[in-house]
Amino acid sequence: MRRLVWSLMSVAALALAGCGNSSDSSQNATQGGETAAASGSTAPAAAPAKANAITGQVTLRDTAQVSADAKLQLTLVDVSTQDAAPLATKTVQPANTFPLSFELEFNPNDVNPAGLYVLKVDLVDGDRHYTPPLQTQVLTKGAPTQVNIQLVAEQTAGEKELAAFTAVQKQIGGMKISNGTKLEDKVSRGWQLFREAGEVKFIREQVDYGDKGFTSTDYAYKGGKPWVVVQQKKSSKDAKPTETDRAAWGQDGQLVLKTAEAGGKTSPLSDDAAADLQKQADAILKLATNGKGK
């Protein structure tokens, strides 16, 4: 009987000891959880955006090769006010490593809360401009001060003229056509002239220089003046072109395109060579129109 009583007392004691340990463990776990929560609440937060600057990164949509001469122009302006002076401007140069981080500081006191601010971004590399497809709103009306901007290459003035030339070239089949030839000393020349609404739009000329080679040239005109010239140089009529020269002039008469393509590589055409193409365009126009120029 005594043995049974002592056994029951031992079991009770062990149970109480277990409860005490469980309580201690639970308390420690609770304290540990509270400590972890407290630790999480005091973790350093991300650096807030600067109150006096627009920051971000610029990338290029295409993997274009940008030269070391490229420069990035940033302009912060209120587009809700006509002819408003920029709130801030900045030029970054060189700008040929991407993504490119930037920071454009401004005076917060000059900000109009009711204004509509846009960050204009223009990457300039020679004749090429890279701009965002859409305007980047910043600063007010819930817009951010930290932005990532992707730029897209625009056509150069010369590329625009060449694209327009190609469009006209595809339409010459519907124009009025006249032909002509001329034999000179060791030179054989032939051409097709294309008119639309009584105006010369296009002349296609082939010139055989004998041992000195062969040229096939397309001339386009606007208002009786040379507009675009594309000339292929060959060793003979049926040979593949060894060089293709291109030149184009804007409405103001300024040269906007001058390229020479040979061996799969494109390089600038010299000003003298471009001027020579212009002279050839004037000469064939006079020849094909009997000196009338139209």
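Author: Let us start with terms: two strands pair if DSSP finds at least two bridges between them, where strands (E, at least two residues) and helices (H or I, at least four residues) are DSSP runs numbered from the N terminus. This is a predicted model, in which local features need pLDDT of at least 70, side-chain atom pairs count only at pLDDT 80 or more, and totals for chains, interfaces and linings use all residues. Residues are numbered from 1 along each chain as its sequence is written, and side-chain values use heavy atoms, with hydrogens and water left out.

Reader: What is the order of the strands in the open sheet of eight strands?

Author: Strands of a sheet pair through backbone hydrogen bonds, either parallel or antiparallel. Here the order is 9-10-11-12-13-14-15-16, and the pairing is antiparallel. Strand 9 (176-184) and strand 16 (265-268) each have a single partner strand and stand at the edges, so one side of each lacks a neighbour in the sheet. On average, neighbouring strands of this sheet are turned by 15 degrees against each other, direction ignored; axes are lines fitted to C-alpha atoms, for helices over the stretch in contact, and angles run from 0 to 180 degrees between N-to-C directions.

Reader: How many bridges join strand 12 to strand 13, and which helix lies across them?

Author: Nine bridges join strand 12 (residues 214-222) to strand 13 (residues 225-234), the two running antiparallel, and threonine 215 has lysine 233 in strand 13 as its bridge partner. Helix 2 (residues 157-169) lies across strand 11 (199-208), strand 12, strand 13, strand 14 (243-249) and strand 15 (255-262), and runs at about 80 degrees to strand 13.

Reader: Why is strand 1 described as largely enclosed?

Author: Buried means under 20% relative accessible area, exposed over 50%, and partly exposed in between, with a 1.4 Å probe and protein chains only. Six of the eight residues of strand 1 (residues 53-60) are buried, so the rest of the structure largely encloses this strand. Six bridges join strand 1 to strand 4 (residues 100-105), running antiparallel, and six join strand 1 to strand 8 (residues 146-153), running parallel. Valine 58 has leucine 100 in strand 4 as its bridge partner, while leucine 60 has leucine 151 in strand 8.

Reader: Is leucine 74 buried or exposed, and which residues does leucine 74 touch?

Author: Leucine 74, in strand 2 (residues 71-78), counts as buried at 1% relative accessibility. With contact meaning heavy atoms within 4.5 Å, and residues up to four places away in sequence not counted, leucine 74 touches Ala88, Thr89, Lys90, Phe102, Leu104, Leu119, Lys120 and Val121.
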